[in-house]
Amino acid sequence: MSESMEGMKRTHMCAEVTEKFASQRVTVMGWVNKRRDLGQLIFISLRDRSGLVQGVIDENSAKPEVFSKVSNVRGEFVVAFSGEVILRTPGNINEDMETGKIEIAIDEFRVLSEADVPPFQVADKGVKEDLRLKYRYIDLRRPEMQKNFILRHNVCKSVRDYLSNNGFLEVETPILTKSTPEGARDYLVPSRVYPGNFYALPQSPQQFKQMLMISGFDKYFQIVKCFRDEDLRADRQPEFTQIDIEMSFVNEEDVIEMNEGLVKTVLKDVAGVELATPLPRITFKEAMERYGSDKPDIRFGMELNNITDMVSDMDFPVFKEVVGLGGSVRGINAIGCAKYSRKQIDSLVEFVKTYGAKGLVWISLAENGEIKSSATKFFTDEKMSEIIAAFDANPGDLILICAGVNDIVFDSLGALRCEIAKREEIAKDDDYKLLWVTDFPLLEWSEEDDRFYARHHPFTSPKEEDMDKLDKAPEAVRAKAYDLVANGYELAGGSLRIYQNEMQQKMFEMLGFTKESAQERFGYFLEAFKYGTPPHGGIAYGLDRLVMLLAGVNAIRDVIAFPKVKDASCPLTDSPGEVDQMQLDELGLRVEKMVGRSESADEN
């Protein structure tokens, strides 16, 4: 029978009750983690956010009604108890608990809320994620999960303190806004007041933060929800949190310097890590050439090696065809991986095929000096030696070579080097290696749509030295854009913005907008440019991803309190769901069932 806590006040969190409170009376409240019944003695392990504390009651000295209540509780009951803090005898000290040197002699006990047997125990390991997410409120009781959210809180506090101390103002921007093209699909919200019209949930506060600069706020930040209707993966959710920052009268160096100070402060405050600054920088082109990725993991080597010229004269059909079509032949040296079996190598071949590669050519250098290759008959001894030397390979190493169009080769080898590092466990989660990637292309061409898209967004400024290429070679124009990368993840991305009306109109024109369509979509934004716009720029961090890295977990679901799963549904609330016909009628909407939608969603 549940009781009221009226007249009973909690004095301490569980983990606060240590030996310094010996002989004092305390009151604690929380969830029953475990009950051990030894007959005349009953031990209650109580859990709250702070940790555990043990209470004990002796039938010989306790009031019968109190002992009876303690006897009938079980795991996850919410209880409160009071008593004197007593020191444990030396043989009963639990060094694994912060409160392991004491226990509370229970003399008052209340059951505040009873609990059914939960679908899994808080202490259980290996519980399937779908069950954890369906009963997320139980999953979140686990100490390791609560630790993640304490970490998340501390990250947000550190960010707010740093930016506030550096003159930034936190300003909220709208959640209901106008749908604009570019980027991912919008989440749309129908308007009851304007039938047939829709708001969009913001993919980012991009235009609003730029208008705050036009408003003269000078330095803005916001920890803000953003929404993108796109396929999910381990580090992506349909709704996510962004640390959004914008600054006026700045150049790239100003933004980078301010943000190096921010990440340095956060790592020190939250993880106790001293980050050496300034951080290294590489251009987008160099990142692709060396690592096959614009978000390179530099905790290990295994850099890409371009051997296209070296193999261009070989009579090997695979290489010959690729070189003839203007592709490239590149590879990596997986040091110490000649030990891989043929089955393991074949698994790497299958791995790169998921990135569009047709396969891998491999050369294995056994410790005894024997050389094996998937293409031995096409290599002369001289050419084999030349390639081995090019990769600086030694006995025990495994050379893996990919041939194809550059994009596929980069994607395949960039992912392959990370996969091998994962298999070999050569990259540690708490080894934080950060760098800036700069000089991104302003635009990227879509063969499917036969048009250019903005690589970052349509408000990114081109570099002055590339302005003359805007008309004659737009694909060669570089942006004043910069990404902050940590351990193979894009931690933050930003740019200097276009602040002249004419340049913004030119950008829309290059993206295929007519003056009329640009005015329809962005008229309010372009209008703002007419009334005095300061040079400005900024950056946005993925807060969930930052916390994920600091927590050492592999998915942002573990640092979001109530996340969605891979098909963008919520197992806890069973959303999205149907709504009443009356609600649809108010909005002037008619819903048609889409055959096969659920099947396609399950495949994502």
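Colleague: Which residue meets the side chain of Arg 478 in a salt bridge?

Modeller: This is a predicted model: local features need pLDDT of at least 70, side-chain atom pairs count only at pLDDT 80 or more, and totals for chains, interfaces and linings use all residues. Residues are numbered from 1 along each chain as its sequence is written, and side-chain values use heavy atoms, leaving out hydrogens and water. A salt bridge is a side-chain nitrogen of Lys or Arg within 4 Å of a carboxyl oxygen of Asp or Glu. Arg 478 has an N to O distance of 3.5 Å to its partner, Asp 439.

Colleague: How many residues apart are Arg 478 and Asp 439?

Modeller: Strands (E, at least two residues) and helices (H or I, at least four) are DSSP runs, numbered from the N terminus. Arg 478 sits in the loop between β19 and β20 (481-486). Asp 439 sits in the loop between β17 (434-438) and β18. The pair links distant parts of the chain, 39 residues apart.

Colleague: Is Asp 439 buried or exposed?

Modeller: Buried means under 20% relative accessible area, exposed over 50%, and partly exposed in between (1.4 Å probe, protein chains only). Arg 478, at 28%, is partly exposed. Asp 439 has a relative accessible area of 17%, so it counts as buried.

Colleague: How many salt bridges are there by this rule?

Modeller: Some are linked in a network: Lys 125, Arg 132, Arg 136, Asp 139, Arg 142, Glu 144 and Asp 558. The count of salt bridges comes to 50.

Colleague: Where is Lys 209, which meets Glu 246 in a salt bridge?

Modeller: The two side chains meet at 3.7 Å, N to O. Glu 246 lies in strand β10 (residues 239-248). Its partner is 37 residues away, in helix α5 (residues 206-214).

Colleague: Why is β21 described as largely enclosed?

Modeller: The reason is a count of its residues. β21 is largely enclosed by the rest of the structure because, of its 8 residues, those that are buried number 6.

Colleague: Which residue is the bridge partner of Tyr 482 in β21?

Modeller: Two strands pair if DSSP finds at least two bridges between them. β20 and β21 pair in the antiparallel sense over 6 bridges. They form a hairpin with 2 residues between them, and Asn 487 in the turn has a positive phi of about 50 degrees. Tyr 482 has as its bridge partner Gly 494.

Colleague: Which residue in β22 stands opposite Ala 492?

Modeller: β21 also pairs with strand β22 (residues 536-542), in the antiparallel sense, over 5 bridges. Opposite Ala 492 stands Tyr 541.

Colleague: Which residues make the uncovered face of β19?

Modeller: In a regular strand the side chains alternate between the two faces of the sheet. The covered face of β19 holds Phe 452 and Ala 454. Trp 445 stands opposite Phe 452. The uncovered face holds Arg 451 and Tyr 453.

Colleague: Which residue takes a positive phi in the hairpin of β18 and β19?

Modeller: β18 and β19 pair in the antiparallel sense over 4 bridges. Their hairpin has 4 residues between the strands. The positive phi, near 55 degrees, belongs to Asp 450.

Colleague: Which residues gather in a patch of negative charge on the surface?

Modeller: Patch residues have over 30% relative accessible area and no salt bridge, with like charges joined within 9 Å and nonpolar side chains (Val, Leu, Ile, Met, Phe, Trp, Tyr) within 5 Å. Glu 447 is in the loop between β18 (443-446) and β19 (451-454). It counts as exposed because its relative accessibility is 69%. The gathered residues are Glu 447, Glu 448, Asp 449 and Asp 450.

Colleague: Which are the edge strands of the open sheet of 5 strands?

Modeller: The order is β12-β13-β16-β14-β15, with antiparallel pairing. Each edge strand pairs on one side only. The edge strands are β12 (305-306) and β15 (371-373).

How values were computed: Areas by Shrake-Rupley, 256 points an atom, 1.4 Å probe, with all protein chains shown as cover. Lys, Arg positive; Asp, Glu negative; His and termini not counted. Charge placed at Lys NZ, Arg CZ, Asp CG, Glu CD.
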